[in-house]
Amino acid sequence: RNEIANFKNCKSIAIMGGTFDPIHYGHLVTAEAVRHRFQVDRVVFIPTGRPAHKADKQVTHNEHRYLMTVLATMRNENFEVSRIEIDRPGATYTIDTIEQLKEMCRPDVRLYFITGADAIHQIMNWKEPERLLTLCDFVAVTRPGYQKNRLFEEIGEIRDKFASRIHYMEVPALAISSSDIRERARKGMPIKYLLPQEVEDYIYKFGLYQDREKDEVKFM
Ligand code: ATP
Ligand code: MG
């Protein structure tokens, strides 16, 4: 096995899943805010393998995304990066990831799954949403001023049953997205200060986001 992340002694873990193509300060600020608010021992960044709902989306090679995530998390001793999704063949389902992660932890570990508020709207479309909610809490990250009520209506079906397992948290509004960074890099616009310097260096060293054919793997 290639996994070097180790969570054996953690009582609580927050999971930050993402494509991380590339990872940026929006992800890092969110992860640190959740770590502090829920006082978790670790935040585990899990770069996605092949997302089931994005089967035709083009994504940069797994190993580049993994390494950029490692570089970006170097300076936080509470951040770790796991290979469980990128090393698992086939489509990625969150439920499988959570179960696999749980096997690597103490039996009484408390898990928090971090997701953008928009993704939680979709939760009923995920694989086995109810079982998922029995395995971990959800942290729906919103921007200040986000209409929480509207969000609550949209997840109506599971709201009553699982209200105590879904947490909302505002993080500072960061208008940073990976797609914007890719676009900027392609056009030769600055990406500095949107992501850690090491990740910027990596992008230029490997010429990522210049030629889509070269660094993308199309999963079909
Ligand atoms: P893309 O633009 O390619 O969709 P992204 O910037 O949204 O990429 P993802 O890897 O898709 O990044 O996001 C992983 C997780 O981080 C998701 O739960 C997403 O909601 C959250 N996230 C992304 N950008 C931010 C941001 N600027 N602030 C807070 N959370 C973010
Ligand atoms: Mg996104």
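A residue is called buried here if 20 or more other C-beta atoms lie within 10 Å of its own, exposed if 12 or fewer, and partly exposed in between, with C-beta atoms placed from the backbone. This is a predicted model, in which local features need pLDDT of at least 70 and side-chain atom pairs count only at pLDDT 80 or more, while totals for chains, interfaces and linings use all residues. Residues are numbered from 1 along each chain as its sequence is written, and chains are lettered from A and ligands numbered from 1 in the order in which they are written.

I start with strand β2, residues 42-47. Helices (H or I, at least four residues) and strands (E, at least two) are DSSP runs, numbered from the N terminus. In β2, 6 of the 6 residues are buried, so the strand is largely enclosed by the rest of the structure. On one side the buried residues are Arg-42, Val-44 and Ile-46, and on the other Val-43, Phe-45 and Pro-47. In a regular strand the side chains alternate between the two faces of the sheet.

Next, the neighbours. Two strands pair if DSSP finds at least two bridges between them. β2 pairs in the parallel sense with β1, residues 12-18, over 6 bridges, and Gly-17 stands opposite Ile-46. β5, residues 79-81, runs parallel to β2 and is joined to it by 3 bridges; there Glu-80 is the partner of Val-44.

Last, ligand 1. The shell around ligand 1 draws at least two residues from each of α1 (25-38), β7 (110-116) and α8 (178-187). α1 gives the largest share, 3 residues.
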